[in-house]
Amino acid sequence: MKMNDIVILVFLALLTCAPWCIYCERLLVNMTLVRNASSLGALCLDGSLPAYHLHRGYGAGARNWILQFEGGGWCNDVKSCLERANTRRGSTRYMGKWEVFSGILSNNATLNPDFYNWNRVKLRYCDGASFAGDAMFNNGTSILYFRGQKIWEAIIRDLLPKGLGQARKALLSGCSAGGLATFLHCDNFTSYLPKDTSVKCLSDAGFFLDERDISLNHTMRFFVKNLVSLQGIEQNLNKNCTSSLNFPDLCFFPQYSLKYITTPYFILNSAYDVYQFHHILVPPSADLHGHWNHCKLNPAACTASQIDVLQGFRRDMLVALRLFKYSRRGGMFINSCFAHCQSELQETWFGVDSPRINNKTIAEAVGDWYFSRNITKEIDCAYPCDTTCHNLIP
C-alpha cells in the first residue's frame, strides 16, 4: 500500500471517530489538601485532611466559580461509619489523587458551552453526612470525626483568597448526597461572597423524598433520624425549618427545607431516581423475597402493579415540588429516566443523544435558567414516554 493511501485511510478513520473522540479527551485534575484544616477541626471520618480539586477558569470566566459537592451516600451508625472510614468515602488517604472533570465540570466549550471557562471545583466527600455534621465518636479504641460542616467551612476559607472572594458569578452544585448538601449550604454559600455576586444553586439527584416504602414503613425517615443524631447535624439545619416542625431532623429532607432557601435554585432530578427506587421505595428490608429484583435491574421487566407503584412515587415527587414549580427564580428539569446523577456525565449533560425535555438538554436548561435566558420549568411525561433517556441502572 502506498504512503498516500495510508494517509487517506488514517484521515478517514479520524473523521469517522471524531464525534466519539471528543468524549475521549479526559480532563484530569489534581487533588489539593486543605493543610490548615486540622487547626479548624475539619477532618475526614478517619482524621485525614479534607480535599478538593480546582481547575482554573480563564478569559470571560476567570472570575466565575462552580463548586460541586461530591456524592456517595451516608453512614448513620458507628459500625457503618467505621467501615466507611477505611474507604475513599471516609478518608482522603484512599482517594485517587486525580479526578476526571466532565459534564458541568468540563473545560471543553463544545461539551459545556456555558461553564467551560469558569473556575471549577470538586469538593471531595469524606464525612458521610452531606458536609453537615459536627460531632465526634471516641470509645477509647476507635475515633470517628463527624466534621462535615467544618470541612465545608475549611474548603471555602481556603478558596476565598484564591479568587472565590472576588467572584462575579457563582454556582453551588452537587450530585446525590452532594446534591442534598447544596440544599443545606446554599444560603450559607451566598453569605461568604460579595453582595453583588450572582449566586445560584443546583441540586442534581439530591431531592430525596420522605417517602414510605412498599411495606408502608418510613425506612428513609428512620435512617435520617439516626444520621442526624449520630453526626450532630440538627444544629446545622435551616433554623426557620427546624423551628417550624415537631421533628427538626426532617429538615434534612429537601422537601421541608426548600421553601426557606432564599438563593435562586435549580432542581435536576429523575422522577424515577434509581437510588431512591432501590433504597427508599423498595429497600431490601421491604422486599425480603426479591419480588422486585427483575424490575430493579430492568424497568421493562416490571409488572403492571409495580409500574403503578413507580408512578405513585413520581406523583409524590411532583406534589412535593408543586409550590416550587411556581417559583419565579427557580428552575426544574424533572425527567422520566431511570438514572441517578446526570450533570457530571458528559453523555447525559450535553451531547448529541443526551436526555431531553421539549427538545432541551440538561445543560441548555441549566444555562437558560442561570443566565435568565428563558424560564426553565421542564417536567417530563410519565415513563415510558421519553425515548431520549439514558437508563443508568447500577
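Student: Which cysteine does a disulfide join to Cys337?

Tutor: Happy to start there! This is a predicted model, where local features need pLDDT of at least 70, side-chain atom pairs count only at pLDDT 80 or more, and totals for chains, interfaces and linings use all residues. Residues are numbered from 1 along each chain as its sequence is written, and side-chain values use heavy atoms, with hydrogens and water left out. A disulfide here is a pair of cysteine sulfur atoms within 2.5 Å, and at an S to S distance of 2.2 Å the partner of Cys337 is Cys389.

Student: How many residues apart in sequence are the parts that Cys337 and Cys389 tie together?

Tutor: Helices (H or I, at least four residues) and strands (E, at least two) are DSSP runs, numbered from the N terminus. Cys337 lies in the loop between strand 11 (331–335) and helix 11 (346–349), while Cys389 lies in the segment after strand 14 (377–379), so the parts tied together are apart in sequence by 52 residues.

Student: Is the disulfide of Cys241 and Cys251 left-handed or right-handed?

Tutor: The sulfur atoms of Cys241 and Cys251 are 2.0 Å apart. The torsion about their S-S bond is about -95°, so this disulfide is left-handed.

Student: Are Cys381 and Cys385 buried or partly exposed?

Tutor: Buried means under 20% relative accessible area, exposed over 50%, and partly exposed in between (1.4 Å probe, protein chains only). Cys381 has a relative accessible area of 39%, and Cys385 has 34%. That makes Cys381 partly exposed, and Cys385 is likewise partly exposed.

Student: What kind of ring pair do Trp74 and Phe208 form?

Tutor: Rings of Phe, Tyr and Trp (its six-membered ring) pair if their centres lie within 6.5 Å; planes under 30 degrees apart count as stacked, over 60 as edge-to-face and the rest as tilted. By this rule there are 26 aromatic pairs. For Trp74 and Phe208 the centres are 5.0 Å apart and the planes stand at 75°, so the pair is edge-to-face.

Student: What kind of pair do Tyr125 and Phe131 form?

Tutor: Tyr125 is buried at 0% relative accessibility, and Phe131 is buried too, also with 0%. Their ring centres are 5.4 Å apart with the planes at 25°, so the pair is stacked.

Student: Which residue has its charged end over the ring of Tyr370?

Tutor: A charge sits over a ring if NZ of Lys or CZ of Arg is within 6 Å of the ring centre and within 35 degrees of the ring normal. Tyr370 belongs to a cluster linked by ring pairs, with Phe115, Trp118, Phe266, Trp369 and Phe371. Over the ring of Tyr370, 5.0 Å from its centre, sits the charged end of Lys200.
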